[in-house]
Amino acid sequence: MNTDKDYIKRFVAMQKLPYEVKVKRAEQRVHEFYHEIVDTREKNVHISVGGLDSLTLLYFIRSLGYSEKEIPAIGATVLEHKSIRKIHKQAGVIPIYPNISKHEIIQEFGFPVISKAKAKKISLLQDPNADKITFIHAIMTGDMGKQGNYQHSEKIKLPDKWLKKFGGHYQSHRPDLCCQCANFKVSAECCKYMKEDPCDNWAKEHSSYPYLGLMASEHGQREFALMKNGCNYYGKDTIRSAPFAPFMRQDILQLALDLEVPIPGAYGEIKRKSSGELYTTKAQRTGCDICGFGIHIEKRPHRFDRLREEEPKAWHYWMYEVCIDEITGEHYGWGRVLDYIGVGWEDIPAVQMNLFDFI
Ligand code: SF4
């Protein structure tokens, strides 16, 4: 019987295949998924489109001869950067709208910040009466208790840097640290309400299963599942195709060049360094304009700096006004969050900003 280690070993070997082989295999996976879902199960398929990776998937699938009617593309277009919205429109992506606005999500649930996995843990720490106390202890210390065979996991533990900022309610679990509580909420729920649920609902209504532009190398939430389940997965609760699962960043950028995918302005251009490495001259990845996931590791000018340049009124709203403090009644926004986690945002590094446009 294959163990998790075997799956991962096999997957890592796939990631090391030459670009041309990976593209050929991706092509086969697209055809196989279509055949299984449409011809055999008599259901439908669609492409879920967001940023550059899934846009490249859309152009890839079209290059294989599948029309908009055979495999339509859908996306939560309204949330994307305006340059991405423009290309979604050109490419015939069907816009999917959430039932709730982003400011309602932030007010009710909290800010999506740092990373999805860490935001989930922080939101648990922010509840002073959390019932999952064993899990809380594991987040604070890495010690997994009886349920986890008394093992220690650095992966489950939140780094001390964030425990000091958000672990105040559970200080007693880490007497060696001085832990505080933030005066704003953190949440990992935003994507679920804004993107995942609306797209899942569309899929259910259309008896349709998605092609996704996910790559395990992006180390997202689904990295392990992608490695274990591979490109095409027909599970009990999840059925999906991720033909680019074994791709590396260089593969997707090369494919975007080969297919002449229109590159949204948010990414700038795809260029090659003297080492031969491909890169995008502006954002390397995009989420929504005002998403805080990854902001703590982004160099300035970061996404909020760019929003300030492009849409100063919107920037002001998101930085100062989007939320109302439930205790003081004052308006506040991302400015409070960024200050608290130590990300600069008030002064635009003007020289860098100009340089950035010409890199
Ligand atoms: S990318 Fe960020 S802001 Fe956009 S829906 Fe997901 S969590 Fe929310």
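**Note on the predicted model**

1. Apart from its neighbours within four places in sequence, tyrosine 234 contacts Glu36 and Ile239, a contact being two C-beta atoms, placed from the backbone, within 7 Å. This is a predicted model, in which local features need pLDDT of at least 70 and side-chain atom pairs count only at pLDDT 80 or more, while totals for chains, interfaces and linings use all residues. Residues are numbered from 1 along each chain as its sequence is written.

2. Tyrosine 234 belongs to strand β6 (residues 232-234); strands (E, at least two residues) and helices (H or I, at least four) are DSSP runs numbered from the N terminus.

3. The protein chain divides into domain 1 (4-97 + 207-280), domain 2 (104-173) and domain 3 (296-358), with bounds from an automatic or database domain assignment. The centres of domain 2 and domain 3, taken over C-alpha atoms, are 26 Å apart. Their contact involves 6 residues from domain 2 and 7 residues from domain 3. On the side of domain 2 that touches domain 3, α5 (102-108) and β4 (113-114) each supply at least two residues.

4. Around the ligand are residues including Leu79, Pro112, Lys195 and Phe293, near meaning a C-beta atom, placed from the backbone, within 6 Å. Helix α9 (residues 190-205) contributes the most to this shell, with 4 residues.
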